Structures are given as C-alpha cells and as structure tokens.
Amino acid sequence: MLSDLLRWGGKRPDHNEKTGEASASRGDEPPVPSKAFPKLLAAISQQPDAPVLIDLGPVIGTNVGFFGERLGCKLFIEDLFADYDRHARAGTLEALPAAITTRFRHADGSVDGVLCWDFFDFLAKPAALSLAKQIVRMLRPGGAVMGFFCTSASERAAFTKYEVVDDHSLRHRPHAGSGGAKHVLPNRDIIKMFDGLIVSDSFLLKNNTREFLLRRPR
Amino acid sequence: MNIGKSVVIKGELNGSEDLTIEGQVEGKIELRQNVLTIGANGRIKAQVFAKAVIILGEVTGNVTATEKVDIRDNGSVDGDIAAPRVAIAEGAHFRGSIDMQKANAKPGDAKADAKPGHTAAAVATPAAPTGSPVTAGANR
C-alpha cells in the first residue's frame, strides 16, 4: 500500500534526487517478481554444454551461489557499473564506448547468457550501441540476454543491484556507486541495437519497468 | 604457520600444513591438502592452489581450491576462481570468472529446491552496509 502511494506520488522519501544517494539500506527489501528471469534460466538450462554466463553488475555472493548451484555455470563478473562510475568520476564518460569495445575477452559465440540488469538505462546511445554490439558478438546460438529498461528518464538516479531470491524474484538493493542520468530507450531502438537477436519475451511490469529477453536463434 | 607482514617471497611456495600469509608473495602457492588464509595485510600476486582459501587481503592471480574459496569483507581478488563452493562477502572486490562446476555435473541438474540461502555464498554475505544509495524502481 505504502509502496503504491510512493509510486503514484512519484517520490521516495529517502532518496536524494540530486546526489542519487539514499538513507541506509537495511538489506530487507522485499522480493520483486520478475517475469523475464525464469525465462532466462530456462533458456540457459537448455544449452547443451555447461553454460557460460556474464553478469554486468557487481559481484553478489548469493547470486554466485545461486548460479553455481542452479545452472552449474561458469560465471564471469564484468562489473560495468564500476567502469561507469570510474569514468563518471574522471569526467571521461565519452570514452566509455571505446572502453566497452575493448573490455570483453570472450571469443565470438562463446557465451550462453548475459545479465544486463538495468545498465543500459545509464548509457548514452553510443555506449549502448557499443555494448549491445559486444553482447551480440559474444552470444552463442540459443543464448539469451536479459535487460531491464525504464520508461521515464531521470537526471540523476542511483544504481541498483539485483540479488536473486529464487527462480522468479529478485531483491532490488542499493548499490554503492554514484549513479547517473537515466535514458529511455524506445522498444524499436532496443530491437535495432541488438541486431542479430530476436525478442523472445518482453514484459511491462507494474512498476513501469520493461523486461526484455533477447535470444540468438539456433 | 604464519608468514608475517615484513616477509616478501618471490618464487614457489609449497607446504603440507595450514598457512596464513600477512606478507607479500609473488609466484605460485600450493597447499593442496591444506587451508590457505590471506590475511588482511597479505598481498599476493600468484597462482594459488589449496584445499580451501580464505581471502581477507589482496590476490592477483587465479585461485583454485578443491573445497572452498571464501572472499571476506574487504578481501579482493583479480583473477579466475575455480572451486566447488565460493563465498563472497558484501564488501569484497572481485573481478574475473567463477567456475563452480562439479565433476560429472550437468547444466541445470541442481536440486529443484536449491535456493541461494542454502549456498555457501549466501552464508558469507552480511547485511548491507549503511549509507548506500537507494534502489530505483523497486515498486511493484
């Protein structure tokens, strides 16, 4: 009820919109259902060999345990939020697209799943295109990409880290990074950006987040 | 056994007893049957092989354990980890890959009731630190 009021009021009492900082996290955020996440797990489970998964978010102990137990996968932590933070603090965000191009050491078609979380929301178009191109390059046939996309822009928003609760829900937790501006990517831009992949599933959640699952056809 | 803060070792370190390193090691560390603890002051640039590895300091290099790798709060690893169980605390730094594949394991054949809370990683994750920025878009 309270969360509904806050949502419709468009304001969170403990969020400083100028700095993106917030009051202390108690670590007891409620689980938020995800519709794309179970689809991603199912897609990766269908891969014939032990899957390779890339997480573009910060390392989270529970997620490492979950993916290890649930998928028996090899998990690569590529914390792009930290990269973004570093560039933002140094005032070199315009160099991010080039940095993304050279960051990933994975061979073409060697990855079964990519967890983008909401990282694309923080990227200007050149960086978003650069990252999408890398993801398409690395993804194996049958592989899947999950991303969350906002529906309203914001000049300053905090990063969120997504802790897996179970197959169907995530806990949205505060991230220590400084955050940044959020951009809205229209659906058609998302589809264009991931040229070579197909939109397997897309959902508009009650919190106005768009969840996308994209897959490379076999 | 302890290797103190002022000790610097360059080369290969082998042993058959549990070891705590507070100093610096560059090269290779092998304690295949024992527990290796990298203390808060430890600075390692090495390939590490041990039964279990507990990291409170800094490791640059790949870490392989036959039982468990445990990166504690403020511990740091830049490298790839291979172990059946991996625990990473909230304030830890990690960059690299984690391979928790078990022998004979097939993808997706874990127990249906496997939950993060049942894993070693979950056990080692403390409550969130205070003063962090707020989450966005969590309303549902």
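Which residues of H6(A) are buried? They are Ala127(A), Ala128(A), Ser130(A), Leu131(A), Ala132(A), Ile135(A) and Met138(A). Buried means that 20 or more other C-beta atoms, placed from the backbone, lie within 10 Å of the residue's own.

## Basis

This is a predicted model: local features need pLDDT of at least 70, side-chain atom pairs count only at pLDDT 80 or more, and totals for chains, interfaces and linings use all residues. Residues are numbered from 1 along each chain as its sequence is written, while chains are lettered from A and ligands numbered from 1 in the order in which they are written.

The predictor assigns the complex an ipTM of 0.79 and a pTM of 0.80.

## Chain A

Chain A holds seven helices and 11 strands. These are DSSP runs numbered from the N terminus: helices are H or I with at least four residues, strands E with at least two. Of the 218 residues in chain A, 50% are buried. Among its contacts with a separation of 6 or more, 71% join residues 24 or more positions apart. A contact requires C-beta atoms, placed from the backbone, within 7 Å.

## Helix H6(A)

## Confidence in chain B

Chain B has a mean pLDDT of 78, with 71% of its residues at 70 or more. pLDDT is the predictor's confidence in each residue, from 0 to 100. Over residues 103-140 of chain B it is below 50. Beyond near neighbours in sequence, that stretch has 109 contacts in the model. Where pLDDT is low, predicted coordinates should not be read in detail.

Conventions: Buried ≥ 20, exposed ≤ 12 C-beta atoms within 10 Å, placed from the backbone. Contact = placed C-beta atoms within 7 Å.
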